[in-house]
Amino acid sequence: MKQRLKEAYNWLNERLKLDDLIEFMGKKYVPVHRHSVWYYFGGVSLFLFVIQVVTGILLLMYYKGSEEFAFESIQYIMSKVQFGWLIRSIHSWTANLFVLTAMIHMFSVFFEKSYRKPREITWLTGMLMFFLILGFGFSGYLLPWNELAYFATKVGTDIAGVVPVVGRPIMMFLRGGEDVTGATLSRFFGFHVAVFPGIFTVLLGIHLLLVQRQGMSEPLSWENEAGVPPKTMPFFPNFLLRDLLLWLIVLNLLAILAVFFPWELGKKADAFAAAPAGIRPEWYFLFMFQSLKFIPGKLWVIDGEVFGIMLFGIAGFLWMLVPFWDRKSARGEKNRLITYIGVFVVFYIILLTIVGWAL
Amino acid sequence: MIEHPQFEQRQNKRDFLKLMLSGSLLAWIGAILYPVFAYLKPPTQAEAVVSSVKAGKLTDIPLDSGTIIKFGTKPVILLRTAKDELRAFSATCTHLDCTVQYRKDFGLIWCACHNGKYDLNGRNVSGPPPRPLEEYKVNVQGGEVFISKKS
């Protein structure tokens, strides 16, 4: 057996030069410092993405993406298909954890200023993936075609529609017509299972390739402490084994959540029912939703909603471009302003989310 | 540089080819993108233009209530106020497209999505809605309630 494996390895090695790759892996080190714990969140996000792909494909075996059958097919998965409830609950729970870990990953990179030269492209691909994750969340939310999803999608696509000039065509494109109908469901289904995963995979490939090529980012303080040899840990096997252990813990957490808090299905969408009281979006959109509630209908000459949406759009855009306007970090200097901005954003999001939850 | 007539001629030929090729490339890209964008634009469906709908018998509509009525593909809210007045408004919130409802406890039209409130004349009185709700005409003929577009 061992001989066979060795032969197989040699066969591949002759063709693919695996030895070089192993040597490269052996030279990869992970910096050890008091903020090392944040390095794990990228890996956990990757793991959650894989879970989403696997459970998503399993759900595709039974799901029907149409106005007449979408809700019923999920009912069928939840009640008739063996372990259907488990697969669907894991998919829903993982979606939420995925947004959370990606958010933590993003904020940790932001606070460490790891986006600084030479990792601008890694940050950009990461941000684009983060927006795609939100897109996954938004499009996937509609697929069960229930009451909450129906109104969430109405509001969400209408928000796109209030953006001046390009808004209306975008809204029509997203909805596949004037209103949220079965046409919208078909399009969202297509985005969710084909368009987004395709783009995401390409971005993820670039992101991971860059991480391998450039190595792990080291804290800014290391660059200033000349002479002190920095502490590191080999990536293989030390860091990888820790990664795997964490993945195992996350998988167990998911199993517990899915078993003890199975995801609800709610009531089937009805275009001629009033929006139910207490309706609110998923927690990761809650802070924006709550902000929109607080902005008055008219601000001077523009509609409050247009103002709020443009404000969030511009803020998100500037956030994505931070490696290009944070000159100080690029030069290896401390930039407190960035930290203050980050702290403000984190507090704003947490505060508005709590307010949105409680009200 | 010495002007070389042969070279200049060649350069002209080259420029011409460049123009032709880049022009063809643009036309080719356009020929691919146009059908794709046209395909993505949902076709306008011929809808039967609804100008009036029957909302039911007056006796079936309780006092101090609001009901959502199908007006073609759009929801309309029919109110019967506590003072026994019939009014109808578009049920689509002018804020972000949610469907509104009548709240007896407020005596107002209310949108659950962002806590927008309208009075019983459809005027936006509180919360984020930027405009009043569009009003519809209500007629009672032989005990039947009819809702129609205001012309």
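This is a predicted model: local features need pLDDT of at least 70, side-chain atom pairs count only at pLDDT 80 or more; totals for chains, interfaces and linings use all residues.
Biologist: What is the mean pLDDT of chain B?

Modeller: The pLDDT is the predictor's confidence in each residue, from 0 to 100. The model scores ipTM 0.77 and pTM 0.88. In chain B, 97% of the residues reach 70 or more, and the mean pLDDT is 88.

Biologist: Which helix of chain A gives the most to the side that touches chain B?

Modeller: Two residues are in contact if their C-beta atoms, placed from the backbone, lie within 7 Å; the contact takes 26 residues from chain A and 22 residues from chain B. Helices are DSSP runs of H or I with at least four residues, strands are runs of E with at least two, and both are numbered from the N terminus. Two or more residues on the side of chain A come from each of helix 7 (147-161), helix 8 (167-175), helix 12 (283-294) and helix 13 (304-320). With five residues, the most is given by helix 7 of chain A.

Biologist: How many residues of the side of chain A that touches chain B are nonpolar?

Modeller: Ala, Val, Leu, Ile, Met, Phe, Trp, Tyr, Cys and Pro count as nonpolar, Asp, Glu, Lys and Arg as charged, and the others, Gly among them, as polar. On this side of chain A, four residues are polar, seven are charged and 15 are nonpolar.

Biologist: How are helix 7 and helix 8 of chain A oriented, roughly parallel or roughly antiparallel?

Modeller: Axes are lines fitted to C-alpha atoms, for helices over the stretch in contact, and angles run from 0 to 180 degrees between N-to-C directions. Helix 7 and helix 8 of chain A pack at an angle of about 150 degrees, with their axes 7 Å apart. Angles under 35 degrees count as roughly parallel, over 145 as roughly antiparallel, 65 to 115 as roughly perpendicular and the rest as oblique, so helix 7 of chain A is to helix 8 of chain A roughly antiparallel.

Biologist: At what angle do the axes of helix 4 and helix 5 of chain A cross?

Modeller: A:Ile74, A:Ile77 and A:Met78 of helix 4 meet A:Gly84, A:Trp85 and A:Arg88 of helix 5. These contact residues divide into four nonpolar, one polar and one charged. The axes of helix 4 (residues 70-79) and helix 5 (residues 84-112) come within 5 Å and cross at roughly 115 degrees.

Biologist: Which helix supplies the largest share of the side of domain 1 of chain A that touches domain 2 of chain A?

Modeller: Domain bounds come from an automatic or database domain assignment, which divides chain A into domain 1 (33-217 + 232-273) and domain 2 (285-359). In the contact, 14 residues of domain 1 meet 16 residues of domain 2. Helix 5 and helix 6 (120-142) each supply at least two residues of the domain 1 side. The largest share, four residues, comes from helix 6 of chain A.

Biologist: How far apart are the centres of domain 1 and domain 2 of chain B?

Modeller: Chain B is divided into domain 1 (1-43) and domain 2 (52-149). Taken over C-alpha atoms, the separation of their centres is 59 Å.

Biologist: Which residue is the bridge partner of B:Lys137 in strand 10 of chain B?

Modeller: Strand 9 (residues 135-141) and strand 10 (residues 144-149) of chain B pair in the antiparallel sense over six bridges. Their hairpin has two residues between the strands, and B:Gly142 takes a positive phi near 55 degrees there. The bridge partner of B:Lys137 in strand 10 is B:Ser148.

Methods: Residues are numbered from 1 along each chain as its sequence is written. Chains are lettered from A and ligands numbered from 1 in the order in which they are written. Two strands pair if DSSP finds at least two bridges between them.
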